[in-house]
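Subject: Structure handover and notes

Hello,

Below is the structure I said I would pass on. My notes on it follow.

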Amino acid sequence: MSERTNTNQENKKPPLNGRRALPSNNSNEEENEVPEMEAFGFIPRGFNPKDYLRVVDIHMFKEPHETNKQQHHTDKYYNPKLIVRRGQAFQIQIDFNRPYKPETDQFWLEYLIGRYPQQNKGTYIPILVGDVLKPGEWGAKITHKENNSIRLSIMSSATCIVGKFRLYVAVWTPFGILRTQRNSATDTYILFNPWCQQDAVYLDDEKEREEYVLNDVGVVFHGNIDDIKLRSWSYGQFEENILDACLFLMDKAELELSGRGNPIKICRVASAVINSRDDNGVIAGSWDNTYTYGVAPSAWTGSVDILLEYYSSKQPVRYGQCWVFAGVFNTFLRCLGIPARLVTNYSSAHDNNANLQLDFFLDDEGKVDTKVTKDSVWNYHCWNEAWMTRPDLPVGFGGWQVVDATPQETSDGMYRCGPASVQAIKHGHVCFQFDAPFVYAEVNSDIVFSRREKNGAQVIEKIDTNHIGQLIVTKEVGGDGMMNITEEYKFQEGSEEERLALETAVMYGVKKQTPQDTMYQPQRDVDMDFQVQKAVLGSDFKVTITFRNKSGNYYTAATYLSGNIVFYTGVTKNEFKKHSFSAKLEPFSSSAFDVVIKSSEYLSDLLDQASFHFFVTARINETGKILAMQKAMVLEVPTLRIKTQGETVVGKEMSVTVEFTNPLKQTLENVTLRLEGPGMLRTLKKEFRQVPMNSTLIWEVKFIPKRPGLRKLIASLNCDALRHVYGELNVQIQKP
């Protein structure tokens with residue numbers, strides 16, 4: 001097997017394989033040699049190819065302002081080659097050495113992809129010139145003849161492979177076929193076409209197509225349910241080399257070329273290759289607050305830097321968390337032409353054993369026992385929805401599909417998730433592929449607080465059925481506001497339909513324990529709630545606990561508040577506040593108790609997203625009943641201010657300043673600023689060694705905008721003591 005070690009690509013002989021005649025064709029990058037003269041037999045001595053029709057030049061009309069890219073909505077791609085969408089006609093012109101005579105001359109086009117082109121796999125496509133173009137099928141017809149030139153209209157199939165094809169023109173002679181030379185300038189990218197009714201990704205609303213396919217900036221909603229925060233993300237799907245980087249991801253995932261016309265397959269393999277687990281994919285996740293030798297997840301402002309770094313290094317880019325995986329996935333989908341949006345689920349369940357309940361185990365004192373509690377509630381979790389038909393499922397389950405590249409649990413042996421039909425999740429039809437039970441649990445689980453008695457019996461203290469999946473949102477179409485899409489995923493809490501959907505999901509094998517398995521008598525005569533005051537990072541704030549005694553009895557409640565610093569995934573780092581007190585509860589009345597949280601108690605241990613998790617448990621001494629409640633809270637983080645000076649005109653230098661004032665009672669060390677503007681400014685970075693408390697840093701950047709239109713500047717600031725600091729500004733670039 002010495003030839004396997006040969007580094008020369010061309011000489012690699014594929015290993016013999018008794019199962020298939022040809023090796024698998026799963027790289028768009030590799031090519032085969034195509035002969036320029038394909039003889040039919042012996043060639044007579046007097047044969048001169050120059051006597052026959054010969055191609056002198058091919059014009060692809062591939063400039064952004066020319067008709068092909070305009071009609072196919074591909075004029076924004078920063079790419080010199082022709083880019084068209086499938087199932088829609090495009091034009092090329094062929095110049096011959098003499099006028100074309102249809103009676104005697106015969107030529108055809110050949111589109112090839114990959115190293116082993118085969119007609120039955122759709123990787124070798126010969127196209128004869130005919131009189132009519134059938135919609136959505138491969139074909140070509142002559143629309144114009146002048147001197148030695150002909151103009152062709154070419155139709156691609158609405159189901160063809162998505163990728164980069166090589167084009168040859170072949171001319172028939174009595175002795176053999178003459179072909180044009182390999183010319184990369186005539187390479188043609190074919191993408192999905194949401195404008196074409198026969199395409200599996202067809203979307204019928206122009207405003208939605210502009211948002212979900214053509215918008216290169218989006219909004220990520222984060223924070224938590226009581227304190228929603230938002231920031232911009234640059235998808236940058238049209239930037240230079242991004243299309244090639246996205247096609248490379250499919251090569252990396254070894255997706256057969258013949259499967260690359262199917263958005264279901266593409267989504268499934270992409271959800272695996274975007275995380276680095278088990279396949280050395282694009283982004284390495286890190287949730288432990290140490291980001292040595294990499295970029296902190298909160299520092300990224302968009303997908304472009306990540307995809308380009310991966311495309312050149314072929315090594316996972318460090319580091320990402322859910323919104324980074326989702327942001328890059330969204331770029332990939334929109335770049336290929338699959339309508340996509342980034343979705344945030346607030347209070348998202350990560351249910352380790354998919355039993356539709358998150359088990360929080362309490363110890364004797366009513367504190368959560370972190371050793372045995374394995375499930376967690378994420379303050380929020382981001383995933384993507386991609387729009388497509390689902391011919392593999394019964395009618396009615398097409399439309400938005402959940403796809404998730406954040407590695408949480410394995411699916412068929414790999415870290416991937418989806419596509420799962422949103423409609424199927426809503427109705428509890430979780431039997432339909434892929435991964436619907438996991439997503440159903442993320443938005444529908446119950447939180448169960450239980451305690452083991454001395455005799456070993458398990459006592460359920462409280463079941464919270466409304467906490468999980470309280471709010472599911474995405475960016476609105478055509479604006480930066482929030483669109484609530486919770487109703488796409490679930491029926492109204494407590495409605496008959498919701499009950500039915502749950503019973504359906506249980507019937508299809510989603511495990512659900514019933515409270516009858518264990519002892520559960522909910523506490524009826526005392527209600528407890530608590531509120532956390534909103535606060536800015538670095539300040540003190542208070543937690544107010546209220547009891548409502550609905551009975552005619554005097555009660556005392558032994559109350560315990562536990563304040564924990566948590567990752568946004570709900571996993572605890574440490575307990576920074578413990579506070580116990582006895583509350584006297586008068587009959588038929590409400591009483592409130594304040595607990596003050598000082599900044600000195602939490603600042604030294606704070607993590608990335610400045611998230612806290614409070615548990616309050618109270619035992620009514622007279623009855624032995626336990627009340628339990630938990631809530632997450634996120635501190636307000638300061639923002640960056642972005643300003644522009646002077647005119648903002650194409651071709652003229654403009655100046656942008658980014659300002660930031662340090663609000664903490666400490667000096668910030670090794671501060672990194674990033675600034676990018678899709679279609680306007682490639683990401684710039686600037687390091688500041690120190691920013692003393694209360695002082696302001698100012699960074700000025702000068703550049704020359706190249707394209708007119710409404711653009712967005714996005715900036716982030718990052719250092720160990722302070723993360724998730726963002727700023728943004730809309731800028732209207734005028735035509736000169």
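Is Asn662 buried or exposed? Asn662 is buried, with a relative accessible area of 0%. Please keep in mind that this is a predicted model.

The surroundings of Asn662 are as follows. Asn662 sits in the loop between strand S35 (654–661) and strand S36 (668–677). A polar atom of the Asn662 side chain is 2.9 Å from the backbone oxygen of Gln666. With neighbours within four places in sequence set aside, Asn662 contacts Thr667, Leu668, Val691, Pro692, Met693, Asn694 and Ser695.

Overall figures

The protein chain has 736 residues, and buried residues make up 55% of them. Eleven helices and 40 strands are assigned in the protein chain. The C-alpha trace spans about 115 × 65 × 55 Å along its principal axes. Of the contacts in the chain with a separation of 6 or more, 68% are between residues 24 or more positions apart.

Ser156

Another loop residue that I looked at is Ser156, which lies between strand S8 (149–155) and strand S9 (163–173). Ser156 counts as buried because its relative accessibility is 0%, and the cut-off for buried is under 20%. The side chain of Ser156 reaches the backbone nitrogen of Gly87 at 2.9 Å. Gly87 is also among the contacts of Ser156 beyond four places in sequence; the others are Arg85, Arg86, Gln88, Gly136, Glu137, Trp138 and Ile190.

How many of the eleven residues of H3 are buried? Ten of them are, so H3 is largely enclosed by the rest of the structure. The buried residues are Ile242, Leu243, Asp244, Ala245, Cys246, Leu247, Phe248, Leu249, Met250 and Asp251. They pack against several elements: strand S3 (82–85), S9, strand S11 (188–191), helix H4 (263–273), helix H5 (304–313) and H6.

For the pair H3 and H6, I have the geometry as well. Helix H3 (residues 242–252) and helix H6 (residues 322–336) have axes 10 Å apart and pack at an angle of about 105 degrees. H3 is therefore roughly perpendicular to H6, since angles of 65 to 115 degrees count as such. On the H3 side, the contact is made by Ile242, Leu243, Cys246, Leu247, Leu249 and Met250. On the H6 side, the residues are Thr331, Phe332, Cys335 and Leu336. By type, the residues of this contact are nine nonpolar, one polar and no charged.

Cysteines

How many disulfides does the structure hold? It holds zero. Cys267 is buried, with a relative accessible area of 0%. Cys382 is in no disulfide either. The nearest cysteine sulfur to that of Cys382 belongs to Cys322, at 4.1 Å, whereas a disulfide needs the two sulfur atoms within 2.5 Å. Cys382 is also buried, at a relative accessible area of 0%.

Backbone geometry

Most residues other than glycine have a negative phi, and most peptide bonds are trans.

- Gly418 and Pro419 are joined by a cis peptide bond, with omega about 0 degrees. Pro419 is in the loop between strand S21 (414–415) and strand S22 (420–421).
- Gln433 and Phe434 are joined by a cis peptide bond, with omega about 5 degrees. Phe434 is in the loop between helix H7 (422–427) and helix H8 (436–444).
- His73 is not a glycine but has a positive phi of about 55 degrees. His73 is in the loop between helix H1 (67–71) and S3, and counts as partly exposed at 23% relative accessibility.
- Glu254 is not a glycine but has a positive phi of about 55 degrees. Glu254 follows H3, in the loop between H3 and H4, and is exposed, with a relative accessible area of 57%.

Regards

Terms used: Residues numbered from 1 in each chain as written. Predicted model: local features only at pLDDT ≥ 70, side-chain atom pairs only at ≥ 80, totals over all residues. Heavy atoms only, no water. Helix = DSSP H or I, 4+ residues; strand = E, 2+ residues; numbered from the N terminus. Buried < 20%, exposed > 50% of the residue type's maximum accessible area, 1.4 Å probe, protein only. Polar contact = N/O pair within 3.5 Å; in protein donor to acceptor, adjacent residues only side chain to side chain. Contact = heavy atoms within 4.5 Å. Axes fitted to C-alpha atoms, helices over the stretch in contact; angles between N-to-C directions. Parallel < 35°, antiparallel > 145°, perpendicular 65-115°, else oblique. Nonpolar A, V, L, I, M, F, W, Y, C, P; charged D, E, K, R; others polar.
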